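Hi,

Here is the structure I promised to pass on. Have a look at it first, and my notes on the sheet and the cores follow below.

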Amino acid sequence: MKTDDDNPGGKLTFNSDGDKTKVCDEQADGWSAVAYVINPNGSTRYSLRASGNGDCDDRSADDGGQYNLDDGTYYTFRVCLDHDGSGTGDDRFCDSARWQA
């Protein structure tokens with residue numbers, strides 16, 4: 001899944017085999033790619049950030065804790081671009097999907 005800007009600058013992938021989640025920044029434009037894994041109740045389980053063209057951040061069940069998703073459960077995955085890195089929810093060009101772990 002990619003961000004919704006006209007030339008997508010962020011990409012999120014998920015593989016349920018091992019709960020592998022990865023976000024990548026795909027442009028040198030001053031924006032960071034941010035991704036969120038959201039629990040069925042709407043709370044954020046965890047987030048990832050990649051800053052700089054070609055930079056990626058990833059997590060998997062092997063990292064334990066919140067990264068080990070419950071098998072068979074549907075989570076919302078969201079990818080956005082963030083310009084100032086403040087974490088204040090000013091994300092732009094977001095796309096989301098529900099995927100099963």
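A quick definition before the cores: a nonpolar core here is a set of buried Ala, Val, Leu, Ile, Met, Phe, Trp, Tyr and Cys residues joined through side-chain atoms within 4.5 Å, and buried means under 20% relative accessible area. Also keep in mind that this is a predicted model.

With that in hand, the largest nonpolar core has 16 residues. Val23, Val37, Tyr46, Leu69, Tyr75 and Phe77 are the ones with the most contacts inside it. Two or more residues each come from β1, β3 (32-38), β4 (44-51) and β6 (74-82), and β6 gives the largest share, with 4 residues. There is also a second, separate core of 5 residues, which includes Val34, Tyr36, Cys80 and Cys94.

Now the sheet. It is open, with 3 strands in the order β1-β2-β5 and antiparallel pairing. β1 (10-15) and β5 (56-59) are at the edges with a single partner strand each, so one side of each has no neighbour in the sheet. From one strand to the next, the twist averages 10 degrees. Between β2 (residues 20-25) and β5, the antiparallel pairing runs over 4 bridges.

Leaving aside residues up to four places away in sequence, Val23 touches Lys11, Leu12, Ala33, Val34, Ala35, Leu48, Arg49, Ala50, Asp55, Cys56, Asp57 and Val79. Val34 in that list is part of the second core.

Cheers

Conventions. Residues numbered from 1 in each chain as written. Predicted model: local features only at pLDDT ≥ 70, side-chain atom pairs only at ≥ 80, totals over all residues. Heavy atoms only, no water. Pairing = 2+ DSSP bridges. Axes fitted to C-alpha atoms, helices over the stretch in contact; angles between N-to-C directions. Buried < 20%, exposed > 50% of the residue type's maximum accessible area, 1.4 Å probe, protein only. Contact = heavy atoms within 4.5 Å.
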